[in-house]
Every structure is written in C-alpha cells, then in structure tokens.
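Biologist: I am new to this structure and would like to learn how to read its pockets and helix contacts. Could we go through them one at a time?

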Amino acid sequence: LDHTRLLLGGQAVTVLRRLGLRGTIAAVLAAFPKALRDRGASFWAAAEGLLAADLTAVPADFAGTLLLHASLCDLALTLRRTDALAGWLARARARCPAARVGFHTHLPEELPQALALLPIPPDEISMLTSPGPAGNA
C-alpha cells in the first residue's frame with residue numbers, strides 16, 4: 001500500500017530504491033506480461049508487480065501464515081476479479097510452499113461466491129467484522 005501511495009505521488013524512484021534490485025526485477029517480470037495482456041499499464045499489472053516485489057523479502061522457507069492485504073483483496077472481491085485473487089495466492093504459494101497462504105478481508109458477505117470460484121481455496125482468511133448485527137454501529 002505504501003508503494004502505491006508513493007507511485008501515485010510521482011515518487012517511482014523512491015519505490016525502486018525501497019524494492020531493491022531483486023524486488024525490482026521480480027516486479028518487472030511479474031507486471032510486464034500482465035501489462036501486455038491488458039494492452040498497457042493497469043492497476044492489475046501494478047498490483048501483480050508490487051506483490052512479486054514484496055514477496056522477494058519473504059524467505060522462501062517461511063512456514064508461517066502469509067496473508068495478502070485487505071485493500072487489495074477487497075478490491076478484487078468487489079470487482080469479482082477472483083482470477084486476480086487466485087493468481088496472487090498462487091504466487092505467494094509458489095514463493096513460500098511451506099506457508100499457510102490466505103488473505104485479509106473486510107467483506108465477509110462476498111466470500112461464499114468468491115471461494116466457490118477459486119481453483120484452490122486459501123489456507124487462511126482473516127476478517128474484520130462488527131460484533132453486533134448488521135446495521136448496528
């Protein structure tokens with residue numbers, strides 16, 4: 001999320017410095033094919049690249065729980081882009097095969113349909129929900 005804010009603020013050089021060489025290479029390799037398919041730079045290509053870059057910072061032998069950010073996942077759920085969510089989960093699993101891979105969400109009502117469309121279900125789902133009935137703030 002921080003990288004996105006910097007990019008939108010015109011600070012691409014700062015992002016590249018923070019990603020480092022390995023992260024930058026991973027970002028380009030992940031985003032370029034997506035940008036070609038999308039016929040240009042797109043949010044989805046940038047998300048793919050930034051995720052790939054961030055995953056380079058996680059040790060390949062990491063065996064804990066690895067959760068994708070709620071903002072990214074909620075956008076995919078809202079727009080019914082389960083293909084993107086499935087790809088991100090697969091990328092994280094490929095990077096850390098021993099990890100339990102999943103995502104955070106604030107949209108539990110969107111989950112049943114999305115889970116039915118994912119080719120491989122997530123190992124973990126973290127949800128932020130209200131303790132009371134819907135409509136009670």
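Modeller: Start with the lining of the second largest pocket: by class, it has 11 nonpolar residues, 2 polar ones and no charged ones. Keep in mind that this is a predicted model.

Biologist: How is such a space found, and how much space lies in the second largest pocket?

Modeller: Rolling a probe the size of a water molecule over the atoms shows where empty space is left. Here the second largest pocket holds about 180 Å³. It is lined by 13 residues, and L16, A27, V28, A31 and L50 are the closest to its centre. Two elements, helix 2 (12-37) and helix 3 (43-55), each give two or more residues to this lining.

Biologist: Which element gives the largest share of the lining of the second largest pocket?

Modeller: Helix 2 does, with 9 residues.

Biologist: How do the axes of helix 2 and helix 3 cross?

Modeller: The two axes come within 7 Å and cross at roughly 150°. Angles over 145 degrees count as roughly antiparallel, so helix 2 is roughly antiparallel to helix 3. The crossing of helix 2 past helix 3 is right-handed.

Biologist: Which residues make the contact of helix 2 and helix 3?

Modeller: Helix 2 contributes L19, G23, A26, A27, A30, A31, K34 and A35. From helix 3 come W44, A45, E48, G49, A52, A53 and D54.

Biologist: How many residues of the contact of helix 2 with helix 3 are nonpolar, polar and charged?

Modeller: There are 10 nonpolar, 2 polar and 3 charged residues in that contact.

Terms used. Residues numbered from 1 in each chain as written. Predicted model: local features only at pLDDT ≥ 70, side-chain atom pairs only at ≥ 80, totals over all residues. Heavy atoms only, no water. 1 Å grid on protein atoms, 1.4 Å probe; cavity = no way out; pocket = protein on both sides within 12 Å on 5 of 7 lines; lining within 4 Å. Points joined across faces, edges and corners; volume = space filled by probe spheres on them. Helix = DSSP H or I, 4+ residues; strand = E, 2+ residues; numbered from the N terminus. Nonpolar A, V, L, I, M, F, W, Y, C, P; charged D, E, K, R; others polar. Axes fitted to C-alpha atoms, helices over the stretch in contact; angles between N-to-C directions. Parallel < 35°, antiparallel > 145°, perpendicular 65-115°, else oblique. Left-handed = near helix turned anticlockwise from the far one by under 90°. Contact = heavy atoms within 4.5 Å.
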